[in-house]
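Look through the sequence and the structure before reading on.

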Amino acid sequence: MDSLMEVLKRAVEGRALHDEEIQGLLEVSSPEEREELFRAARARREKFFGQHVFLYGFVYFSTYCRNGCNFCLYRRGNSKSLRYRKSMDEILAAASALKESGVHLIDLTMGEDPFYLSEGAEGYERLAGLVDAVKKETSLPVMVSPGVVEDSLLERLREAGADWYACYQETHTFPLYQELRPGQPYEKRWGAKAFAKNCGMLVEEGVMTGVGESTEDLLRSIHAMESLGADQVRAMTFVPQVGTPMFGASGKNQRELNLIAVMRLLLPDRIIPASLDVEGAEGLKARLEAGANAVTSLIPPQSGLAGVARCHEGIDNGSRTVKGILPILEECGLASATVEEYESWVEKRKRGGGAR
Ligand code: SF4
């Protein structure tokens, strides 16, 4: 078998890797070897995206949910969870503040809130109306993350102006999926993304690390994301949440960083986010240096909005803002892209193109 440096050289040249080689990269553990892996990932990012990074504003507008995912703070019935449903005015104010601050996209996220999803056409129109209003208010690309929804609603959201549909399987290994998302059909979740892709939306797929997955499971996820044609691919370390069945478990970020780097090598033209929702601004540099090219979960301070995995951390002290993270981009030799650059990437990708 080729040495690590030979495998990385082939990856940087865009040549195919064998599954055993990909698994080897996912398992690299010495600091020196990991730095070589990350260096290769940065070279690949540079070729496809230059030095520019995309910035995503996050509006978690409803934390109500009808589901019971075992890892999630916002699972139904968790009395320790922060519950709110923001009004249209509050949502528009947050989206405007994010636009002013310099983000390139507004990510409208909710739990599977029955107010929107269980009242038929009326609820669907509430959600579509919200997307339409945010689009008109900001003129920015919009991502919707409403959970698993009917095909007709996805089409309606696209018509209302949603560019992206984000919905994470978290794992592509069926028994592990059932442990994480009990009672939620695997195929339905997967099918929603396939439908969104076919109806002209961009799609984000994601994997959670630190939940007992094996290297083979991660390899399976990479192949699944590739087969879906996911336009944005996310890796995020599990963070234990109070009041949930998985509170006692603990995640480590090593696998997340290796996975970010390996995804960058194998899916070099996709957006790979560095989420502020795992380790806050302190963890941003490591994720960017592993090959990420977008910063997600930027949240306006004093807005009463929460994160997903770190529900309060870094929000009101302003460290999860564009201003708060720009010095970190600079430290990494990176800079914010312009809105025009991001819009152009989105449009090109929708037409079936890859790099800028
Ligand atoms: S992960 Fe999403 S669907 Fe699952 S309980 Fe949390 S908010 Fe609901």
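## Charges over rings

The charged end of K47 is placed over the ring of F48, at 5.8 Å from the ring's centre. In another case, K86 lies over the face of Y84, and the distance to the ring centre is 4.7 Å. The model is a predicted one.

## Aromatic pairs

The whole structure contains 12 aromatic pairs. One of them joins F49 and W345: the ring centres are 6.3 Å apart and the planes meet at 35°, so this pair is tilted. F49 belongs to helix 3 (residues 31-49) and W345 to helix 15 (residues 339-350), so the pair links distant parts of the chain, 296 residues apart. F49 is buried, with a relative accessible area of 1%. W345 is buried as well, with a relative accessible area of 1%.

W345 also pairs with W164, and here the rings are stacked, with 6.2 Å from centre to centre and 5° between the planes. Because W164 lies in strand 4 (residues 164-166) and W345 in helix 15, the pair ties together parts that are 181 residues apart in sequence. W164 is buried, with a relative accessible area of 0%. Ring pairs link F49, F54, Y56, W164, Y342 and W345 into a cluster.

## The largest cavity

The structure has 2 cavities of 30 Å³ or more. The largest cavity holds about 740 Å³ of space. Its lining is made of 44 residues, and T109, Y168, E170, R234 and V308 are the ones nearest the centre. Several strands give two or more residues to this lining, among them strand 1 (52-62), strand 2 (105-110), strand 5 (202-209) and strand 6 (232-237). Sorted by class, the lining has 21 nonpolar, 14 polar and 9 charged residues.

## The second largest cavity

The volume of the second largest cavity is about 30 Å³. Residues that line this cavity include E170, H172, M208, D217 and S221. Two or more lining residues come from strand 5 and from helix 10 (215-228). Helix 10 gives the largest share, 3 residues. The lining consists of 4 nonpolar, 3 polar and 3 charged residues.

## The largest pocket

The largest pocket has a volume of about 210 Å³. It is lined by 14 residues, and R66, E112, V148, V149 and K188 are closest to its centre. By class, the pocket lining has 6 nonpolar, 3 polar and 5 charged residues.

Key:
Residues are numbered from 1 along each chain as its sequence is written. This is a predicted model: local features need pLDDT of at least 70, side-chain atom pairs count only at pLDDT 80 or more; totals for chains, interfaces and linings use all residues. Side-chain values use heavy atoms; hydrogens and water are left out. On a 1 Å grid over the protein atoms alone, a cavity is a set of points where a 1.4 Å probe fits but cannot get out, and a pocket is an open set with protein on both sides within 12 Å along at least five of seven lines; lining residues have an atom within 4 Å of a point. Grid points are joined across faces, edges and corners, and a volume is the space filled by probe spheres set on the points. Helices (H or I, at least four residues) and strands (E, at least two) are DSSP runs, numbered from the N terminus. Ala, Val, Leu, Ile, Met, Phe, Trp, Tyr, Cys and Pro count as nonpolar, Asp, Glu, Lys and Arg as charged, and the others, Gly among them, as polar. Rings of Phe, Tyr and Trp (its six-membered ring) pair if their centres lie within 6.5 Å; planes under 30 degrees apart count as stacked, over 60 as edge-to-face and the rest as tilted. Buried means under 20% relative accessible area, exposed over 50%, partly exposed in between (1.4 Å probe, protein chains only). A charge sits over a ring if NZ of Lys or CZ of Arg is within 6 Å of the ring centre and within 35 degrees of the ring normal.
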